[in-house]
Amino acid sequence: MSNSNCPIVSVVMITYGHENFIREAISGVLMQECSFEVELIIANDCSPDDTDIIVNDIRKCYDGPHKIHYHKHINNLGIMPNFIWAVKQSKGKYIALCEGDDYWTDPLKLQKQVDFLEHNTDFFMVGHQSQKIINIIDGSDTEIIGIFKKDVFDYDDLAIKNIRIPTASLVFKNKIKFPEWFFKVYGGDRALIYLASTKGKIKVMDFIGSVYRIHDGGIEQGYKKDKSSLPKRNIHENNIYLSIIPKKYTFKYLKANSWNYFYLSINYLREFKISNSFKSFYKSILYYIKYLWSLQYLGKINN
């Protein structure tokens with residue numbers, strides 16, 4: 001299965017401001033029981049807290065079978081540039097993801113996923129279910145994510161819908177080349193899953209192998225605090241996908257933009273920003289008209 005000079009799996013772990021979580025994230029990787037070599041690539045995006053101290057402490061104490069490669073950037077790159085940089089350092093046949101505020105819970109996670117990919121060569125990516133913890137103080141508010149009506153997805157599925165396979169569950173072939181549009185997205189996980197679907201099928205395995213944390217320093221909480229930031233982000237990303245997907249799939253994105261602009265118009269109205277509200281409402285109508293036109297086009301190609 002392996003080239004003796006290269007690991008089979010490269011685990012990419014980006015981190016910023018994760019001093020309260022990084023130790024558990026690293027431990028989840030180092031506990032993996034595998035019949036192959038694993039390298040852990042930790043990319044610290046110039047974090048101002050004690051993440052650097054904690055990572056170096058773990059490196060000094062660890063004497064297990066897996067390799068740890070650690071890099072702290074001198075300047076803050078941002079989430080996407082840091083992620084792309086870390087992926088490009090990966091030498092493994094496969095790449096696994098675990099951000100510094102998430103962690104793995106199943107010591108056989110990587111073995112299960114690599115075995116699947118080795119025996120199912122028409123698949124490019126594999127994920128699994130995850131536990132989402134909202135109340136990180138006592139872990140009382142949880143739910144299981146990554147459960148879908150089916151467990152195999154292809155391009156037709158991903159072009160139409162954002163299927164949210166947990167990021168910390170993903171393992172994929174190290175054959176990703178990042179197109180120009182990838183550098184412009186906010187949601188790297190969604191874009192990565194979309195790219196994977198252009199190269200092969202995607203499997204979601206039936207086991208819980210990781211934890212996804214919701215905390216005040218996380219991206220998701222930031223969007224909840226600013227009611228207008230999420231629809232703006234959604235519109236930005238939808239426009240990127242509208243520029244790259246085949247025309248027959250555009251109806252979903254056009255309708256989503258219509259609703260996001262309508263939501264923006266309501267928010268602006270509540271803030272007494274009447275001009276912004278009117279402009280957003282006008283764009284909502286335009287996108288809804290485009291959505292109706294796209295349905296007409298879809299009807300023609302299906303007849």
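A crossing of two helices is left-handed if the near helix is turned anticlockwise from the far one by less than a right angle, and right-handed if clockwise. The structure is a predicted model, in which local features need pLDDT of at least 70, side-chain atom pairs count only at pLDDT 80 or more, and totals for chains, interfaces and linings use all residues. Residues are numbered from 1 along each chain as its sequence is written, and side-chain values use heavy atoms, with hydrogens and water left out.

Helices (H or I, at least four residues) are DSSP runs, numbered from the N terminus. Axes are lines fitted to C-alpha atoms over the stretch in contact, and angles run from 0 to 180 degrees between N-to-C directions. Helix α8 (residues 229-242) packs against helix α9 (residues 250-270) at about 160°, with the axes 9 Å apart. This makes α8 roughly antiparallel to α9. Angles over 145 degrees fall in that class, under 35 in roughly parallel, 65 to 115 in roughly perpendicular, and the rest are oblique. The α8 and α9 crossing is left-handed. Contact means heavy atoms within 4.5 Å. On the α8 side, the contacting residues include Pro231, Ile235 and Tyr241; on the α9 side, they include Tyr253, Leu264 and Tyr268. The residues of this α8 contact with α9 divide into 11 nonpolar, 6 polar and 1 charged. Here Ala, Val, Leu, Ile, Met, Phe, Trp, Tyr, Cys and Pro count as nonpolar, Asp, Glu, Lys and Arg as charged, and the others, Gly among them, as polar.

Helix α6 (residues 188-197) also packs with α8, at an angle of about 15° and with axes 12 Å apart. The two helices, α6 and α8, are therefore roughly parallel. Their crossing is right-handed. Arg190, Ala191 and Tyr194 of α6 meet Glu237, Asn238 and Tyr241 of α8.

Rings of Phe, Tyr and Trp (its six-membered ring) pair if their centres lie within 6.5 Å; planes under 30 degrees apart count as stacked, over 60 as edge-to-face and the rest as tilted. The count comes to 15 aromatic pairs. Phe148 and Phe153 have ring centres 5.5 Å apart and planes at 85°, so this pair is edge-to-face. Phe148 is partly exposed, at 29% relative accessible area. Phe153 is buried, at 4%. Buried means under 20%, exposed over 50%, and partly exposed in between (1.4 Å probe, protein chains only). Ring pairs also link a cluster that includes Tyr194, Tyr241 and Tyr253.

Ser277 lies in helix α10 (residues 274-302). Ser277 is buried, at 8% relative accessibility. Neighbours within four places in sequence aside, Ser277 contacts Ser265, Tyr268 and Leu269.
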